[in-house]
Amino acid sequence: MKKLVCMILIMGLLGSLFVGCTSEDSQTDSTPTTDNTKETKKGSEKSETTGNEAVVIDWLAYQTSAQPDEEAEIVKMVEERYNVDFNFWFIDDQKWNEALNVRLASGDMPDVMRIRDDNLFNYVEQGVVVELPIEKLEEKAPDFVAAVNAYDPNGYLWNKSKLSDGKNYGWSMVQLDAKYHTILEWRQDWLSNVGITKVPETLEEFEAAMYAFRNDDPNQSGQQDTYGMSIKAMNAVFGAFGSPTNIENGSEVMIKDGEIVFTATQPEMKEALALLNKWYNDGIIDPEFITGENTGGYWALSHAFMNDRVGVTGGINYYHYAPPGKIEGPKGGPCYRETKAINPNAEVTLGSPIEGPYGQGVLKGGMAGELFGITAKATESEAKVDVILTMLNDIFNDEEYSMMVSHGIQGTHFELDESGEVNYLYDRDPVQMREQGIQIFDFLTGSPDVRSKIMSSRYEYAEKYATAPYYERPTMPSVDALNENKETLKRITEEAYIQIITGEKSVDYFDEFETLFNENGGDESLKALNETYNSLK
């Protein structure tokens, strides 16, 4: 029955979404021809599991900033190494769930896939993602399993790929960057133009900057055409009141006093919403915050921030605004580059979460990277599963291969300096990288051992800018009750928070919202979450 309900819901999307799908969203690519004349790098013999006939794999295990070029050198080298032909699925990263659900509802599916937005439960219920016993991973990818266990001896990382039935349905990579919480980014030139000499750290300093950004012409246009903030900085404001709520994810949880709680229903949020309502009425919050700051392209971009509309943004990582150098290449991080392209004179500085009356911080969750799974389609061919897991394992036992899939070809895309640290020779634009086959096969992170060795400057930078207080997000198995209720909880939270901030509802409506939240799955989900969490202790 659950499967039937899920499929009915997905099919309901067809009428509204199918017309809007591009040809890239609705069709797989043609099978490329493997170039068997090209020499491979050391250790790149063809996989013994595939025999002489190339295995065709539908690949959706990458961040889809762009469609990979099937003729790219890295793609050809990986195809030859494993005797594989890849069909790359392209799903618009900004419309991931909608576009992917349309294809899955049609009966089409990749062989291996990235699992975003805590959707493991749904994909298992639909029969798309299948069980992958850890014993199978130990057999086919022993070096990967050893690396996960070495970085996480308590086994928390395995929780991310499990459901409440205790079975394992995929794998999560060790992500060193996930050790660091998100941070605030400020327009330093705006701060200077309004006479603020230090990056705000307290709620009072933050508020003063917001009013100055609205009233004191920070972009020097001679008009009142700027605002203090939009939606991405709000979770830091909520964090100053003890609970870094994400308006767009009302099912977010954190650990508080040893128990799991929903961030959105914490009583201090009523005070935070009252303050945001005042700021909105005073005109310092962008009235377009409701539609968000990103209007397309790379997910981490804030177009309001880049286009001189707001002076602070958040919700992204320390490296996104890294300046030119060893951190993100000769032109800096992706958001730094985009900002400079639009506003060459813009200056950006990084800041800590805001200290307020009840706390300081944003959410942080351990070292679990994104989740990946094998589909039912792939299990029709044992050779496909073997190749996919061999590719995963080789990232952890072949440093040269790991370097290639994560960073490119040495001499073309990077060089190593005398200390063994990587120096990039190209603009690390996400679109160009994906087109060239970089970070297509490394499951979004690659080997943590290799990263820590060749990217030491990156993590020195991270330690400098991303070590402020934070709130802990639990890493635990998926919980059925939350999976069944989370979309309802998200909708209820988003509607209530926006209505209170904009004044459509009074601040006292928060009490009614909390009751509505709890009665529509909040209480049920919280009980199940804590039962699962306590069973892990």
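In this structure, which is a predicted model, strands β1 and β2 run parallel and are joined by five bridges, where strands are DSSP runs marked E of at least two residues and helices are runs marked H or I of at least four, numbered from the N terminus. Two strands count as paired if DSSP finds at least two bridges between them. Residues are numbered from 1 along each chain as its sequence is written. Local features need pLDDT of at least 70 and side-chain atom pairs pLDDT 80 or more, while totals for chains, interfaces and linings use all residues, and side-chain values use heavy atoms, with hydrogens and water left out.

**The sheet**

- Five strands form an open sheet with mixed pairing, in the order β2-β1-β3-β11-β4; its edge strands, β2 (84-88) and β4 (171-174), each pair on one side only.
- From one strand to the next, the twist averages 30°, with axes fitted as lines to C-alpha atoms (for helices over the stretch in contact) and angles taken from 0 to 180 degrees between N-to-C directions.
- Strand β4 runs antiparallel to β11 (residues 368-374), to which three bridges join it, and S172 stands opposite L371 in β11.

- On the β2 side, V55 has V84 as its bridge partner, whereas two bridges join β1 to β3 in a parallel arrangement, with L60 opposite M113 in β3.
- Together with helix α3 (residues 73-82), β1 and β2 make a right-handed β-α-β unit, in which, with the strands pointing away from the viewer, the path from the first strand over the helix to the second runs clockwise.

- Helix α15 (residues 382-397) lies across β1 (55-60), β2, β3 (112-115), β4 and β11, running at about 60° to β1.
- Leaving aside residues up to four places away in sequence, F441 touches W59, V75, V78, F86, F88, M391, I395, Y401 and V405, contact meaning heavy atoms within 4.5 Å.
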